[in-house]
Structure formats: structure tokens, C-alpha cells
Amino acid sequence: MPTMPTFADVLRARLSRRSFLTSGLAAAGLGWLGPAAWASSPLGFAGVPASTADALVVPGGYVAEVLYAWGDPISDGPAFKPDASNTVDDQLRQAGMHHDGMRFFPLPAGQTGSTHGLLAVNHEYTDDGLLHPDGMLTWTAEKVRKSQAAHGVSVIEVQMDRDRWRVIRPSRYARRVTAATPMGLTGPAAGHPWMQTAADPAGRTVLGTMSNCAMGYTPWGTYLTCEENFQFYFVNESGSVPALQQRYDINERGGGYRWHEFDERFDAARHPNEPNRFGWVVEIDPFDPSRPPVKHTALGRFKHEGAALAVAPDQRVAFYMGDDARFEYVYKFVSRDPAGPSALEHGRLYAARFDADGTGVWLELAPGQNGLDAGAGFPSQAEICVAPRLAGEIAGATRMDRPEWIAVHPLTGEAYCALSFNETRGQAGRPGPDPANPRADNVYGHIIRWRERGGDPTATRFEWDVFILCGDPTSADPARRGDIKGDVFGSPDGLWVDGRGVLWIQTDVSTRLLHKGDYAGMGNNQMLAADPVTREVRRFLTGPRGCEITGATGTPDGRTLFVNIQHPGETPSERSNPATPKGVSAWPEGPAGGRPRSATVVIRRADGGVIGA
Ligand code: FEO
Ligand code: CA
Ligand code: CA
């Protein structure tokens with residue numbers, strides 16, 4: 001595979017010639033990596049066309065197989081029933097719904113093998129129209145418990161045997177973490193009065209994790225699952241929603257999950273602190289099913305997309321994190337201690353300000369810094385960690401167009417952040433365009449990137465540029481054309497940089513928008529590869545109808561790629577009609593199956609080569 005060292009070597013050589021310590025203005029003026037230098041593209045596959053087929057399409061020479069679909073047993077458990085009649089106890093031993101971020105951990109632990117390992121997989125949310133035989137036509141405590149059991153995380157053991165991956169059953173590692181699993185709290189907010197509830201007066205033990213969107217991992221071998229849209233599970237019908245709940249979008253309607261009808265802790269009027277116990281980064285040891293998950297409050301509470309690791313020269317760890325909502329912030333956590341099992345318990349939290357000259361500042365969110373003090377409502381770090389949105393506002397962080405996944409380039413240390421879209425930018429009463437979010441009515445989104453001063457992830461200043469403005473080059477409106485060099489896409493969400501340094505982009509065009517208006521002709525959701533140097537983009541995969549593509553992780557040898565197909569068959573309402581479960585999609589089983597199922601797929605090259613090369 002000669003492409004692999006060539007690409008990395010050229011990139012390293014190029015970067016060593018550039019001074020990252022020059023002024024931001026100079027760096028911005030020079031451009032990022034200069035003109036293209038290598039003779040051949042690192043993208044060695046034949047791109048696939050946009051598609052509206054109810055199929056997963058990969059390039060010629062590649063093979064994609066379903067590995068782990070909603071309802072599949074994690075170990076020697078019950079089989080999936082196509083009419084969705086599996087019980088709560090079945091679901092507790094089966095794959096949850098709506099697979100999202102994930103990570104491959106080689107076995108043995110700490111090694112770099114590529115044929116055997118653990119997959120930690122997020123199950124972000126449920127479509128209760130598909131989860132129960134009659135959907136939500138009736139509503140019971142049993143259905144709430146099944147919905148909660150279908151949320152959370154799976155850990156499964158996987159192995160490749162004669163070029164085919166399979167789930168190992170039974171496995172001593174197999175585990176489900178759900179929206180009811182007991183877990184601990186660490187950091188400044190653990191035990192704080194805002195975390196105390198009737199069921200947990202100490203404020204130190206939470207039941208469950210949910211809205212597990214993107215992810216992260218640590219150098220010490222643990223998985224981070226990140227809680228995003230937790231507000232949808234709460235309802236506050238008091239008529240006077242507290243300001244803190246309002247700032248986190250809790251209201252009288254909720255997201256339609258109806259958990260509060262049978263599980264009173266989701267009644268945010270009766271239990272106003274319960275929402276404060278969600279919206280965190282949660283650490284799971286995939287190698288030890290007996291070890292409880294832990295929510296780390298030092299990393300802040302918001303609609304976490306993911307937590308992207310960067311290790312500093314002094315071995316402290318930094319995590320870049322997006323708060324996925326319109327006009328919310330990009331954050332960074334820097335640990336106090338070097339990488340190690342307690343490094344997520346203490347550290348500094350920052351929010352990003354992107355300045356017009358191509359530089360930026362990490363604004364520390366701490367008492368005594370950036371206008372944050374008792375008078376502003378922040379007597380201690382605990383309140384800041386529970387409400388970093390309020391702190392970031394006071395500090396003057398830049399309001400972004402929905403910060404989604406962030407990926408750190410392993411060779412350059414540059415961080416790439418997907419901003420999926422914000423059609424409300426520039427509307428009356430809303431912020432207008434700014435240099436980092438340059439378009440009003442930003443229906444296609446963009447990808448921004450930054451590089452820390454001195455190449456040190458603990459730095460408080462950085463340089464940034466816009467990597468790609470997404471768009472439709474055929475649009476009559478110049479502002480909507482974007483600047484993509486190659487295959488067209490919009491609504492970037494998942495990002496991952498592979499070991500060769502190729503940036504992979506996954507799209508999440510809302511099912512409300514797919515195939516219509518601005519997204520007419522752009523096909524189903526897709527996954528593309530981008531060359532960070534030339535900015536060339538090539539479409540690698542298209543998903544079945546109504547799905548989002550998310551979660552990407554590879555084996556260390558680069559020869560196996562795992563990708564999640566989330567919510568195939570989703571309707572614009574995001575809840576299916578139980579009478580017509582296959583109304584939009586019948587993927588993956590086709591007509592023989594009972595209903596569409598989110599699934600982890602394995603992608604390999606028929607010749608066993610490196611993915612994408
Ligand atoms: Fe769960 Fe922002 O995607
Ligand atoms: Ca996402
Ligand atoms: Ca999403």
C-alpha cells in the first residue's frame with residue numbers, strides 16, 4: 001500500500017516547512033497547507049453517484065455487510081422479532097435503536113490488532129412507531145421501559161474470520177447501558193445542590209444515559225458517549241418553566257417520548273433538577289462490564305455532539321466538543337492532570353471565540369474569568385459546568401451554526417468541526433453572518449477548522465479557516481453554491497479522520513428536507529472522503545431511504561471500516577406509522593423483513609486493501 005506512507009510523509013514535510021507560530025494574520029493570508037503537492041490523490045476509489053434507492057451503495061471493489069442491527073442479541077440472548085414484539089427484558093439484551101457514534105477497541109486490550117475487538121455503539125433515540133407492534137397507539141409503563149432499554153450504548157465483541165466479521169456470542173464483554181443504568185458523577189457539579197433530587201438527595205448517582213449522539217475515546221482505553229438532545233425526554237407543564245430549563249430548551253411539550261407519564265423523574269416540574277443530570281460526557285470502560293459508567297461534569301453540560309481527543313506535549317488531554325443547537329458554542333476541556341483514569345475529573349473548560357482576522361481565543365469559563373463571578377450567577381465552577389451556555393454567553397463566545405462532530409487530524413493536530421446548518425441566521429431578531437458563520441439562511445452548512453498556537457492543544461489561542469462551504473453548485477443564488485471541489489453534499493454531521501489523514505464526512509439532511517427544495521437532486525444521506533490538502537471531496541457511500549449516516553471507526557490496519565446506518569425509513573415526523581412500518585424503507589432485510597432497522601455495517605475491500613486508498 002504505497003499510498004499510505006506517501007500521503008503522511010508529504011503532509012508532514014509540508015507542515016514542517018510552515019511556521020505555526022507566525023501571526024494569525026500571516027497564517028490566514030498564506031492559506032493553510034498551500035497548493036497541492038502530491039501527484040496522486042489519497043482518494044483511490046471510484047466515487048458513487050447520489051442515490052434515492054433504498055439501498056446501501058459502496059464503490060466498486062468494496063463489500064458492505066450488516067453486522068449488528070437493532071434487536072440483534074448482544075450475546076447469547078433472544079433473537080429479534082420482526083413484528084417488534086420483543087419484551088423489555090429481551091430489549092435489555094439486544095441492540096438498541098438508532099445507532100450513532102461508535103469506536104473499535106482492539107483485543108487484547110491496549111494492543112493494535114485488527115481482527116478481534118470490542119465495538120462500543122451509541123443508540124441515540126427511538127422511533128416508538130417502530131419499537132412496539134402498535135407503535136404509540138396505546139401507551140403503557142411497559143412501553144416506556146422498552147423505550148428506555150432501547151436507548152444508551154452497546155458493547156459487543158466482534159471478530160473477523162476468513163474475511164468476514166461477526167459478533168461473538170456468547171461474550172463476557174457484551175453489555176448494554178440504558179436510560180435506566182445507575183452511573184456515577186465526578187467533577188465540580190457532583191453533589192452540588194443543583195444535582196440533588198428526591199430519589200438521589202446526595203446528587204451523586206444518576207439513572208441512565210440517553211440521546212447518546214457522537215463519541216470520544218481516551219488514551220487509557222475507555223469510551224466516551226455524549227448526551228445530546230436530553231431535553232426531548234422532559235416535560236414541564238407548570239406554566240412557569242425555570243430560566244435554566246428554558247435555556248436548555250425544556251418546555252411544556254417535550255419531544256413526544258411520553259416517558260414522564262409513567263416515570264415521574266421526567267416530569268421537570270415535579271423534579272426540576274433531574275434535567276441537570278443529563279447533557280454530559282459519560283465514560284464507559286468497554287473492557288469491564290461490571291464497572292459503572294461515570295458522568296464527568298468538568299466537561300460541561302450542553303447538547304454534546306462528541307468529545308474529540310488531542311494529547312498535549314505534556315501528556316495532558318484536551319477534548320473539543322460541539323453543542324449542537326443553533327447559535328451555540330464550540331467548547332474545549334483541558335485536563336489538570338496527565339492522561340490517566342482520573343484525568344476527566346479536574347480541568348479547565350473553554351468556549352471558542354472566532355475572530356475576523358483568522359485567529360481565535362479559547363475563553364476560559366471559570367469564576368473570576370471573562371465576566372464570570374458570583375454577581376453573574378457563577379459563585380463556583382459547579383454552576384458553570386451545569387450551565388456553560390449561560391457562561392459562554394457572558395464570556396462572549398461565537399454563536400455557531402450547530403456545532404456537530406469534531407475530528408482531530410492525527411498528523412497535523414488540526415481540528416475539523418461540522419456546522420450542519422442554520423436556516424435562521426440573519427432572520428429578524430437573530431444574529432447575522434459573522435466570519436466563522438458567513439452565510440445568512442445557511443441551509444447547507446459548512447466545515448470549519450482550527451490549529452492551536454504552537455501546535456499545543458492546551459493553548460488558549462488558535463488560527464482558523466473555513467474548510468468547505470457546502471452548497472449546490474447549480475443554485476441560482478450565489479450564496480447557496482458553496483465551494484465544494486467535487487461531489488455535492490449538505491448538512492455535514494459526522495466527521496472522522498482516518499490513520500492516513502483522510503477526512504470522512506457523513507451527512508444528516510433532515511428527513512423533513514430530503515429530496516425537496518434546497519436538497520432536491522442531492523440524494524439520500526451519504527458519506528464522503530475529503531483530502532485535507534487539496535479539499536477534493538469524493539462520495540464514498542450512499543444510504544437507504546430516510547436514514548442518516550453516522551459513526552465511523554476503523555481497525556488499526558485501515559482495512560475494515562465500521563459505519564452506522566441510523567433511522568432508515570424515518571418519516572418527516574420522525575415517528576413511523578405502525579400500520580405501515582416499511583412505508584419509507586425496508587432496509588436492511590427488504591420485503592422479507594418486518595420493519596427497517598438501524599444497523600452497524602462492515603465495509604471491506606474485496607482485495608483486502610486499505611479503505612479509501
Ligand atoms: Fe445527534 Fe447533532 O446529531
Ligand atoms: Ca450527529
Ligand atoms: Ca444527527
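## Salt bridges

In this predicted model, the salt bridge count comes to 41. If you're new to the idea, side chains of opposite charge can pair when their charged atoms come close.

Let's start with E452 and K332, which form a salt bridge whose closest N and O atoms are 3.0 Å apart. E452 sits in strand β22 and K332 in strand β16 (residues 330-338), so this pair ties together parts that are 120 residues apart in sequence. Are these two side chains out in the open or tucked away? E452 has 3% relative accessibility, so it counts as buried. K332 comes out at 0%, so K332 counts as buried too.

Next up is R535, whose side chain meets that of D483 in a salt bridge (3.3 Å, N to O). R535 belongs to the loop between β27 (526-530) and β28 (536-542), while D483 belongs to the loop between α9 (478-481) and β24 (485-486), so the pair ties together parts that are 52 residues apart in sequence. D483 is partly exposed, with a relative accessible area of 31%. Salt bridges can also share partners: R247, D249, K303, D323, E328, R389 and E393 are joined that way into one network.

One more pair to look up is D434 and R425, whose side chains meet in a salt bridge at 3.7 Å, N to O. R425 is buried, and its relative accessible area is 2%.

Now find the calcium ions. The calcium ion (ligand 3) has D493 (OD), D508 (OD) and E548 (OE) as its protein donors, lying 2.4 to 3.0 Å from it. Along the chain, these donors follow the spacing D-x14-D-x39-E. D493 is in strand β25 (residues 492-497) and E548 is in strand β29 (residues 548-554), so to speak a link between distant parts of the chain, 55 residues apart. Both D493 and E548 are buried.

What coordinates the calcium ion (ligand 2)? Here you'll find E305 (OE) and two entries for D493 (OD), at 2.3 to 2.6 Å. E305 lies in the loop between β12 (294-296) and β13 (308-311), and D493 lies in strand β25, so this pair ties together parts that are 188 residues apart in sequence.

## A covered strand

Strand β21 (residues 415-419) is worth a look: 5 of its 5 residues are buried. Both faces are covered, with A415, C417 and L419 on one side and Y416 and A418 on the other.

What does β21 pair with? On one hand there is strand β20 (residues 403-408), which runs antiparallel to β21 and is joined to it by 4 bridges. I406 stands opposite C417 in this pairing. β20 and β21 form a hairpin with 6 residues between them, and G413 in the turn has a positive phi of about 80°. On the other hand there is strand β22 (residues 446-452), which pairs with β21 in the antiparallel sense over 5 bridges. There, A415 stands opposite W450.

How many disulfides does the structure have? A search of the whole structure finds 0. Take C417: its nearest cysteine sulfur, that of C470, is 12 Å away. C417 has 0% relative accessibility, so it counts as buried. C213 is buried as well, at 3%.

## A helix and its neighbours

Finally, turn to helix α5 (residues 141-149), where K143, V144, K146, S147, Q148 and A149 are buried. The buried residues of α5 pack against α3 (88-91), α4 (128-131) and β6 (175-177).

Terms used
Residues are numbered from 1 along each chain as its sequence is written. Chains are lettered from A and ligands numbered from 1 in the order in which they are written. This is a predicted model: local features need pLDDT of at least 70, side-chain atom pairs count only at pLDDT 80 or more; totals for chains, interfaces and linings use all residues. Side-chain values use heavy atoms; hydrogens and water are left out. A disulfide is a pair of cysteine sulfur atoms within 2.5 Å. Buried means under 20% relative accessible area, exposed over 50%, partly exposed in between (1.4 Å probe, protein chains only). Donors are N, O and S atoms within 2.8 Å of the metal (3.2 Å for Na, K and Ca); water is not among the atoms, so sites may look incomplete. Helices (H or I, at least four residues) and strands (E, at least two) are DSSP runs, numbered from the N terminus. Two strands pair if DSSP finds at least two bridges between them. Contact means heavy atoms within 4.5 Å. A salt bridge is a side-chain nitrogen of Lys or Arg within 4 Å of a carboxyl oxygen of Asp or Glu.
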